[in-house]
Amino acid sequence: MREIFTGMPWWVKWIAVPVIALVVFGGLIASVVGFVIGLLFKVLVFAALVGGLIYVVRKFTSSSSSRGDW
């Protein structure tokens, strides 16, 4: 691979090849990035919901146990 790019100008290696790769694989890259961002968002929502559930359960169990002690 190195021998192929040896005789090429710098702009072919650093501009043309990445642009061609983005054109060819752009949809795939966008799909993967969108999937990862969606997955991270779902993980954050899951963590927030579980944290909220734990907070509500602890709040109700501490208040009900203090009421039941009399």
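This is a short talk on the overall form of one protein chain and on one of its residues, Ala-16.

The model is predicted: local features need pLDDT of at least 70, side-chain atom pairs count only at pLDDT 80 or more, and totals for chains, interfaces and linings use all residues. Residues are numbered from 1 along each chain as its sequence is written, and side-chain values use heavy atoms, with hydrogens and water left out.

The chain has two helices and zero strands; these are DSSP runs, H or I of at least four residues for helices, E of at least two for strands, numbered from the N terminus.

The C-alpha atoms fill a box of roughly 90 × 20 × 15 Å along the principal axes.

Of the 70 residues, 1% are buried (under 20% relative accessible area; exposed is over 50%, partly exposed in between, with a 1.4 Å probe and protein chains only).

Now Ala-16, which sits in helix H2, residues 10–68. Ala-16 counts as partly exposed because its relative accessibility is 21%. From Ala-16 to Gly-51 is 35 residues in sequence and 49 Å in space, C-alpha to C-alpha.
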